Amino acid sequence: MKKLLAALAAVAAALGAAAIAIRRAMARWARTPDAHDGVASVFPDGPEHLIPTDDGATLRVVEAGQGPTIVLVHGLTSNSDDWGYVARRLVDDGFHVVGVNQRGHGGSTVGTDGFDAPRLAADLATVFEQLEVTDAVLAGHSMGGIASMSFVLDRPDLANRRVTSLVLVATTARTSRSDQRAGIRLISKRNAERMSGDSSAVRLVARGLFGREPSGALIEAAIASGARCPETTRIGASLGLLDYDIRDRLGSIEIPTVVVCGTRDWVTPLYESKAIAAAIPGAMLEVVPDAGHLVIWEAD
């Protein structure tokens, strides 16, 4: 009995220490200056398009600016607004940006085919065809990178004519590792609407999505973005990505490619980006020191 009580006391002490550490970290993050001065990540104003797909979905696509075209594709439980910081700078620099809200996200609906990578690729093909996008840079973050790679692999006839370069940000060519499958299942079950008041969840978001010292404002913005994603999409899209693996096909990508990843990305770790860059002929790897999975919010 004494040993049991001692063990319970040790566990209680450890949990207490962990709770104190979480509170201290949250207090520190709250004091961290917001690199965006409180400005939210919102896609620039411009025309919107509702594009039907062949399985009954409707894709909401937004655009802004004038000049060379850059197509931006967001990640899981996200939407085109999460490309907002990047998109605004591109518009200011004289580019035309197109934000694709993937099925079930950002006002787009879900068709009968679900969410697997070939379906996401077909959606991108539909956007390029319907909007007659040409001479474009295609940039995909996380699940957007999965969709982008799958598009250029599944529809090389279209992609090689319409896409001048490919930018893959914080993404992966597989979800076959056991820890990846566990993480995807966790995302599919977590109720994002309850996360804001949960200190453990806040710490999970901070450590999972950001670099060494994120600001409290960015952490709360990430939680709010996830909360806006419908539960059916969070579950369906998460499970649709299970056991995806295109590593053996990457060598056939002919489009000039840049792969970007932060050194503190725990969702799609740097070694995944290194493997992608090594497999795509001539691809360049850009490593962002101390950035996490939401490198599109953290990097200048």
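Are Asp 123 and Arg 103 buried or exposed? Both residues are buried, where buried means under 20% relative accessible area, exposed over 50%, and partly exposed in between (1.4 Å probe, protein chains only). This is a predicted model, in which local features need pLDDT of at least 70 and side-chain atom pairs count only at pLDDT 80 or more, while totals for chains, interfaces and linings use all residues. Residues are numbered from 1 along each chain as its sequence is written, and side-chain values use heavy atoms, with hydrogens and water left out.

Asp 123 and Arg 103 form a salt bridge, with their closest N and O atoms 2.6 Å apart; a salt bridge is a side-chain nitrogen of Lys or Arg within 4 Å of a carboxyl oxygen of Asp or Glu. Asp 123 lies in helix H3 and Arg 103 in the loop between strand S4 (96-100) and H3, so the pair ties together parts that are 20 residues apart in sequence. Helices (H or I, at least four residues) and strands (E, at least two) are DSSP runs, numbered from the N terminus.

A salt bridge also joins the side chains of Arg 119 and Asp 55 (3.7 Å, N to O). Arg 119 is in helix H3 (residues 117-130) and Asp 55 in the loop between S1 and S2, so this pair ties together parts 64 residues apart in sequence. Arg 119 and Asp 55 are buried.

S1 (residues 48-52) and S2 (residues 58-64) pair in the antiparallel sense over five bridges, pairing being defined by at least two DSSP bridges between two strands. Leu 50 stands opposite Arg 60 in S2.

Arg 162, in helix H5 (residues 156-162), is buried yet has no salt bridge; Glu 129, the nearest side chain of opposite charge, is 6.2 Å away. Here Lys and Arg count as positive and Asp and Glu as negative, with His and the chain ends not counted. The side chain of Arg 162 instead reaches the backbone oxygen of Phe 128 at 3.0 Å, and one of its polar atoms lies 3.1 Å from the backbone oxygen of Val 133.

Methods:
Polar contact = N/O pair within 3.5 Å; in protein donor to acceptor, adjacent residues only side chain to side chain.
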